[in-house]
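Open the model in your viewer and keep the selection tool at hand. The stops below go from one selection to the next.

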Amino acid sequence: MINKSNEFTRRILNLPAIRPSETVSFSSLLTSLIQLGQTISDYKSRTFFTNKKNARNSIRLVEDILIVLKEIPNGVSRFAYSSILSLSEIHFIFQKFQFLLEDCTREDTRIWILAKSEVVSSQFQMLARAISVALEVLPLEEMDVSLEVKEVVEFVRNQAVKLRFDVEVDDRRMQVNVFKILDQFKDGMIPESSDLKRVLDYLGIKRWGECNREVKFLDTEIGLEGNTMEKRDMGILSSLMGFMIYCRGTLFEVLDNAITRQINGGSNNADQIIRFLNLDDFRCPITLEIMSDPVTIASGHTYDRSSILKWFRAGNSNCPKTGERLMNIDLVPNLALKLLIKQYCSVNGIPFVETGKRNRDSIKLVATSSVANEEAMRFLASFLVERLIAGSMEQQNKAAFEIRLLTKTSIFNRSCLVEAGAIPPLLNLVTTRDSSYQENAMATLLNLAKNSTSKRILVENGGLFLILDVLKKGLKMEARQHAAGTLFYLTSVEEYRKMIGENPQAIPSLLELLGNGADRGKKNALVTIFGLLMRPENHWRVIAAGLVPLLVNLLKSFEREDLITDSLAVLSSLCERLDGAMAVLYAGALPIIIDVLNSCNSRTAKEHCVSLLLALCINGGADAVPVLVKNSSLMGPLYSLLAEGSSSKASKKASTLIRMLHQYNEKTSSGGLITPVFIEDQFINVW
């Protein structure tokens, strides 16, 4: 009777038990209670690294109550209502016991459960007292049980009162050691490796993967804590995160086999499964955009928070999808779906922008507010850079992988590693002839390139030419796509846009990746080309290299919405100039753009389509306008965008394009002619 979905959404040490329905039958309740008690008894076979005695005493209490429950006749009680109330209370307490025992045996929460030992022991104590009270009011006379059973109940009740659930001596000693190490970090002291190992051995953390699971849990918990008002645990969570990351990076020489395969470019089964999920299942039914903050309403349907709030604020009190009138308009965060969407976007290279203050990098900045976390990161950065410089090839690769993990989302970590001097030795690793080492180093440089200082360091150390070399002839396609992504960050600097554009191998290599790479490689190539187009001199270079016909052909085959959107953005940028517009028209793009406008669900893609059509009419009017006027399917989506309101950019552009087409119709029907000059003069500055 416990909802298993809670395992995916509830926070650790939060025990969201649900009281059984008042309409449940005595027989069903008793059966469920016995099953739940047996489940708790089965926890004896699990490993408790902390709170061993408390857990053992709790399980023994439940097993003693099971003896009583099994002696109760499983039929209709003469006074069923009072019996059901009492058993329901025990069921409620048993649920909490199960949640608590589950938390204490999880494989990724060992350091956190140790740190929260006082809270854990007090929860065990509270539940034991609650069991005592529930047994005291249990109407045994109504249940026709034997005298022996009554004596057992009295014994268990007394035991529940007498038992003390304190922090165990060994747990307290190890907890003190953990906080001592955190204080050393705060004071700028590097702790002894033997002290770190003593803690990990006590918690049974013997492999890199087990340590990494702890890091991932703390990372998730920090994200959840960041969404609370109090943020009471943020400091200790952040400190423990620094502790475990430092241990992961310094104590483990050998990576688990699964992680080694990840370094070597393999993808796990979960990634493969997520890759083929249906993107439409992640769209908000109102906006048809991918949800960034999914919430479920009383009807059971899920919407993006911003769109459903707008619906309710407009005075609606029904479900937009079913029309069902809602008794309340409470919004329940759908954390499981949000996690799935984030994983899908990560695997498929789709940007996932969290709303408001929930931006990932912002959360990381909050996390590093702990002095212990910051100092641990600085010490680890120095250790890893030293390994990159003087370690064996295996140690260098492992260090690069650790840096790759550390810099994926954290601004602070990137800054620490750049200051520690990570970029020059990583550039050396890029030149290796081992494909897995090159790919790993290139991915790490991609993450570091997000730091503003690192761009200069990359270029000053000859990194631009090394990256271009990997882009052209990298040993693995993954290394080439990482190189393209790194170039994208470099294009944010005007000087580097010029250098990349003038390099004879840069644009052809990007087009090669765009044509033959995997989806993520195509994505990186597209955004890098878009960055290069911010420099006008690069327009003719990409046109001469054959970008336009390649993009037009790819638009026919793309299934991923983000690739379609990025392709349209590049074409739209090209069409701002006459030569680009003519190249797009001569490539036969008009009907394809109209098809995308009619079929695409993305609002951003539709806006790019309208911008593109408008630019084509302005810069190539005589070739574009007559074709658009004859296409009857165009006006529907244009008027649909117009209905969004005058504040929308897409709406303004749609309005301009509609007016332009109507004016052409009026002139041609009255025998007049329209020329490209007329179009440019009248509409060039409309937005």
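In which helix does S27 lie? Select residues 26-41: this is helix α2, and S27 lies in it. The model you are looking at is predicted. S27 and P73 are 46 residues apart along the chain, and their C-alpha atoms are separated by 8.9 Å.

**The whole protein**

Zoom out before going on. The protein has 687 residues, and 53% of them count as buried. Its secondary structure comes to 37 helices and three strands. Take the contacts between residues at least 6 apart in sequence: 74% of these join residues at least 24 apart.

Most residues other than glycine have a negative phi. The next two selections have a positive one.

Select L13, in the loop between α1 (6-9) and α2. Its phi is near 60°, a positive value in a residue other than glycine. L13 has a relative accessible area of 12%, so it is buried.

Then move to N51, in the loop between α2 and α3 (52-71). The phi of N51 is also positive, near 60°, and N51 is not a glycine. Is N51 buried or exposed? N51 counts as buried, because its relative accessibility is 2%, and the limit for buried is under 20%.

**Charges over rings**

Select K52 together with Y202. The charged end of K52 sits over the ring of Y202, 5.4 Å from the ring centre. For a second case, select R19 and F92. Here the charged end of R19 sits over the ring of F92, with 3.9 Å to the ring centre.

**S86 in helix α4**

Select residues 80-105, which make up helix α4, and pick out S86 within it. S86 is buried, since its relative accessible area is 8%. Which residues does S86 contact, leaving aside its neighbours within four places in sequence? They are V137, L138 and P139. Show the backbone of V137 as well: the side chain of S86 reaches the backbone oxygen of V137 at 3.4 Å.

**Helices α8 and α17**

Select residues 169-186 for helix α8 and residues 371-390 for helix α17. At what angle do α8 and α17 pack? The angle is about 70°, and the axes are 7 Å apart. The two helices are therefore roughly perpendicular to each other. To see the contact, show the side chains of L182, F185 and K186 on α8. On α17 the contact is made by V371, A372, E375, A376 and F379.

Ring pairs link F185, Y246 and F379 into a cluster.

**T250 in helix α11**

Select T250, which has its place in helix α11 (residues 234-251). The side chain of T250 reaches the backbone oxygen of Y246 at 2.7 Å. With a relative accessibility of 15%, T250 counts as buried. Not counting residues up to four places away in sequence, T250 touches L380 and F383. T250 and L196 are 54 residues apart in sequence, and 9.9 Å apart in space from C-alpha to C-alpha.

**G209 in helix α10**

Select residues 208-226 for helix α10 and find G209 there. G209 is buried, with a relative accessible area of 10%. Which distance separates the C-alpha atoms of G209 and L255? They are 7.3 Å apart in space, while the two residues are 46 apart in sequence.

**A pair of rings**

The last stop concerns aromatic rings. The count of aromatic pairs comes to five. One of them is formed by F488 and Y489, and it is edge-to-face: 5.1 Å from centre to centre, with 65° between the planes. Planes over 60 degrees apart count as edge-to-face, so the angle gives this pair its label. F488 counts as partly exposed at 31% relative accessibility. Y489 counts as partly exposed at 24%.

Methods: Residues are numbered from 1 along each chain as its sequence is written. This is a predicted model: local features need pLDDT of at least 70, side-chain atom pairs count only at pLDDT 80 or more; totals for chains, interfaces and linings use all residues. Side-chain values use heavy atoms; hydrogens and water are left out. Helices (H or I, at least four residues) and strands (E, at least two) are DSSP runs, numbered from the N terminus. Buried means under 20% relative accessible area, exposed over 50%, partly exposed in between (1.4 Å probe, protein chains only). A polar contact is a pair of N or O atoms within 3.5 Å; within protein, one must be able to donate a hydrogen and the other to accept it, and residues adjacent in sequence count only if both atoms are side-chain atoms. Contact means heavy atoms within 4.5 Å. Rings of Phe, Tyr and Trp (its six-membered ring) pair if their centres lie within 6.5 Å; planes under 30 degrees apart count as stacked, over 60 as edge-to-face and the rest as tilted. A charge sits over a ring if NZ of Lys or CZ of Arg is within 6 Å of the ring centre and within 35 degrees of the ring normal. Axes are lines fitted to C-alpha atoms, for helices over the stretch in contact, and angles run from 0 to 180 degrees between N-to-C directions. Angles under 35 degrees count as roughly parallel, over 145 as roughly antiparallel, 65 to 115 as roughly perpendicular and the rest as oblique.
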